[in-house]
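I opened my notebook to get to know a structure that was new to me. Here is what I looked up, entry by entry.

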Amino acid sequence: MNWVLYPACAAVTFLALLYRLPTLIRRPEPALVALCCYFAILTIAFTLSTPPVFVGVSKFFGVPNIAGMLTQCGALLAAVMQQVVVVAWAYPWAQAKLRIRWLLVLTVSALTCMAFLFGIAVQDMTVNPHNFAVDSAAISSYQLYLAVYLSCYILGLVESVRLCWRYSSEVGPGWLRSGLRTAAAGSSLGLVYAAARGADIFAAHIGLDGRQWEPVARLGAVGATLLMVIGWTMPTWGPLLSRVSAQSGRYRTYYRLRPLWQALYNVVPDIALALPRQRGISRLPLSHLDLHLYRRIVEIRDARMALLPFFDIEFSDAVRTRAAQQGWTGRRLDAVVEAANLAVAIEAKKRWGSGASAMPQTIAGDFDRPDETDGSLHDELDWLVLVAVAFARSPVVAGAISTLPNHEHLTNPE
């Protein structure tokens, strides 16, 4: 497991560091410095935990398992760096600087104590890159080392959760809030690793083999790291993801409107605000998509106005009754009725041309506002997509077209 998970985590944290470095170079803010330090520390820690590196570093320094101690010191430092990030964001710098200073003083004290206790325990250790913490847990001085390490580590995680959650409540909904809460969830998952590592201390006293839950410790550490990396990078890649998603949604809307627009254009070609050769009707626009969507709304509305003489109130009421009987309700029911009106009007226009007399105003008025929108582009698009989908797929609309021969009174050919 160490051969796969730890190098993978090292790669992920290193990529996160590379992702944030350009911003750090352009704008070296304290919180961003701490965040990059956090990614760098995790990269080093997981690299040291990889078995070949673990053994090589221990041999280089001539100290058994020193790579393990450096890894655990890195985990503690990473927990502290998370707190520094949030403190630098949440408080004025004068106040944040004082808090950070005390935090670093306490951290250095804890690391010094850990190094001292490790130095006492190391003479009884053997190098084991896979289970060194479990194998060393029977050494009393190493148990004290673990107690200091885990106490400070757990306090750091709990404080990170508290700060991330509190600060997330103070910012508005968005990617920053989601990122902070994801980081808080990652810190919470880190407590699983701490619990498994703490159980090593007691296992040595009650005759249990700590290797039984060693996979839990590793998965807890890896899962916590991945969640925290996602959370701390989310405010930067999240908005880009939102823009891509929004653009994809607009393309889907444009594509879904096409069958209705094409059917209307075929019978009322004058609705086109630009020549088809210039607009590329057969393909999606690559730029100015909002403009193309706005044009499509206008053109569909213009075509509908041109087809009003072919609408029939009795037919519309019959379609509404039939659709309601099939379970359609609310706005979707209105969209099915509107789609059926348009489908039959298009067929009538094809059959009888433009020889329709003007509708009586009392009848035309029934179709002046086929839907209720708030006037926004988004709401109008939602409505037209409902109509277009019903136009292309609804069996109610297909059935309405089949009844067209019974509605020749829709027109009054000259």
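Predicted model: local features only at pLDDT ≥ 70, side-chain atom pairs only at ≥ 80, totals over all residues.

**Surface and overall build**

Residues are numbered from 1 along each chain as its sequence is written, and side-chain values use heavy atoms, with hydrogens and water left out.

Next I looked up the secondary structure and found 16 helices and zero strands. Both are DSSP runs numbered from the N terminus: helices are H or I with at least four residues, strands are E with at least two.

How much of the protein is buried? Of its 414 residues, 47% count as buried (under 20% relative accessible area; exposed is over 50%, partly exposed in between, with a 1.4 Å probe and protein chains only).

I also checked contacts (heavy atoms within 4.5 Å). Among those with a separation of 6 or more, 78% join residues 24 or more positions apart.

**Aromatic rings**

My search of the whole structure gave 12 aromatic pairs. Rings of Phe, Tyr and Trp (its six-membered ring) pair if their centres lie within 6.5 Å; planes under 30 degrees apart are stacked, over 60 edge-to-face, and the rest tilted.

One of the pairs is Y6 with F46, tilted, at 5.7 Å centre to centre and 50° between the planes. This pair links distant parts of the chain, with Y6 in helix α1 (residues 2–26) and F46 in helix α2 (residues 30–49), 40 residues apart. Y6 is buried at 12% relative accessible area, and F46 is buried at 7%.

I then turned to Y38 and F39, a tilted pair at 5.5 Å centre to centre and 55° between the planes. Both residues are buried.

I also jotted down one aromatic cluster, formed by F118, Y142, Y145, Y149, Y153 and Y193.

**Charges over rings**

Here I looked for NZ of Lys or CZ of Arg within 6 Å of a ring centre and within 35 degrees of the ring normal. R99 lies over the face of Y91, 4.2 Å from the ring centre. The charged end of R296 sits over the ring of Y254, 4.1 Å from its centre.

**Cysteines**

How many disulfides are there? I found zero, counting cysteine sulfur pairs within 2.5 Å. The sulfur of C113 has its closest cysteine sulfur in C152, 8.0 Å away, too far for a bond. C113 is partly exposed at 32% relative accessibility, while C9 is buried at 2%.
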